[in-house]
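Look at the structure first, then read on.

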Amino acid sequence: MYYFIVNTAGGGGQAAINWKELKVLMKNDAVEYKAYRTKSVGDAGNIAHRIVEKFKGASDGEPIDLIVVGGDGTINEVLNGVEHLSDIRLGIIPSGSGNDFARGLKVSKDVSSAWDRIQKNETRSMDIGEIIVRDYIADVEAQDIPHRFGISAGVGLDAIVCKKLSSTTFKSFLNFIGLGQLSYILVTVKSLFTMRTTDMRIVIKGDSEPVVRNLKNSIFMAAMNMRAEGGGVKMAPDAKLDDGMLSICAAYDISKFEGLSLLPLLTSGKHVGKDGFYNADGSEISVTMKQPMTVHADGEYLGEHTQMTFRVYKEELETF
């Protein structure tokens, strides 16, 4: 039995098209399934939670085959909606604008190919990241708020871009005409020149002694579980999604015009080792900043914060 979570609004309507094609394929294959459609933000996580709680008892101890027809945002909701990720095996029919999660797993955007991959029943395990932000509420003690991610989490420019794109119709229009990635580039350039930088202290824990780096005038810092975010921007070209490590990519202490000139290097993954960039690996990364900056996880806006910790859980999720 397959359980589908379908975001028909994903990818500017591409998910609805993909779902229709997939239903024909499943009918031809006489596949038994249940499907649940999302109606608003947050639905995918709630639906995933209900599916696991309702049906895990009937699965004879085996993980539930949960398939997402949608994009990175829908997948992230599922990752955070399921209490124990060992209860599911996750499949994807890529149907968003960025599809970085599917790209990291090398899942084809072709519906038939993606479905064949699931039916082969060959799985692999991948790491899952977690970002914990310090949430300060008036007259209430600071609380640690955790949020899982599969692709990346970060602070600064990339998070600002994600926040802006989540509330604009421009992205939907470009998705509709097949130029969704262009929206990331255009909003990135504009945000680069309007954002405020800040000093950042990073503590990186790994296999050896902790490493401390103080980065002046930081533009962004991303903790990458996969190689690329933002529709294919290769922030961490050497990242591996099953090594128990997060790959840091940070840009700092360069002018806005220098940042613009270096953008093509970042997009193509040729920025590693260049002035203005810092790359490193770690299993736990703590960040403290002088001024609050925008934070995201898998492109989902998590607020404005000055303190956060990134962790990784090795081979936490089984995927098709």
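## Strands around β9

In β9, N214 is the bridge partner of R201. Strand β8 (residues 198–205) pairs with β9 in the antiparallel sense, over six bridges. Two strands pair if DSSP finds at least two bridges between them. A hairpin of five residues joins β8 to β9. Helices (H or I, at least four residues) and strands (E, at least two) are DSSP runs, numbered from the N terminus.

β9 (residues 211–224) also runs antiparallel to strand β7 (residues 152–156), with five bridges joining them. There, A153 stands opposite A223. Six bridges join β9 to strand β10 (residues 246–252), again antiparallel. In β10, A250 is the bridge partner of M221.

## How the model was read

This is a predicted model: local features need pLDDT of at least 70, side-chain atom pairs count only at pLDDT 80 or more, and totals for chains, interfaces and linings use all residues. Residues are numbered from 1 along each chain as its sequence is written, and side-chain values use heavy atoms, leaving out hydrogens and water.

## A β-α-β unit

Strand β1 (residues 2–6) pairs with strand β2 (residues 33–37) in the parallel sense, over five bridges. F4 stands opposite A35 in β2.

β1, α1 and β2 make a right-handed β-α-β unit. Right-handed here means that, with the strands pointing away from the viewer, the path from the first strand over the helix to the second runs clockwise.

## Helix α1 against helix α5

At what angle do α1 and α5 pack? Helix α1 (residues 14–28) and helix α5 (residues 111–119) pack at about 50°, with axes 10 Å apart. Axes are lines fitted to C-alpha atoms, for helices over the stretch in contact, and angles run from 0 to 180 degrees between N-to-C directions. The two helices are therefore oblique to each other. Angles under 35 degrees count as roughly parallel, over 145 as roughly antiparallel, 65 to 115 as roughly perpendicular and the rest as oblique.

N18, E21, L22, L25 and M26 in α1 meet V111, S112 and W115 in α5. Contact means heavy atoms within 4.5 Å.

## Helix α2 against helix α3

The axes of helix α2 (residues 43–55) and helix α3 (residues 72–81) come within 7 Å and cross at roughly 40°. That makes α2 oblique to α3. D43, A44, G45, A48 and H49 of α2 make the contact with T74, E77, V78 and G81 of α3.
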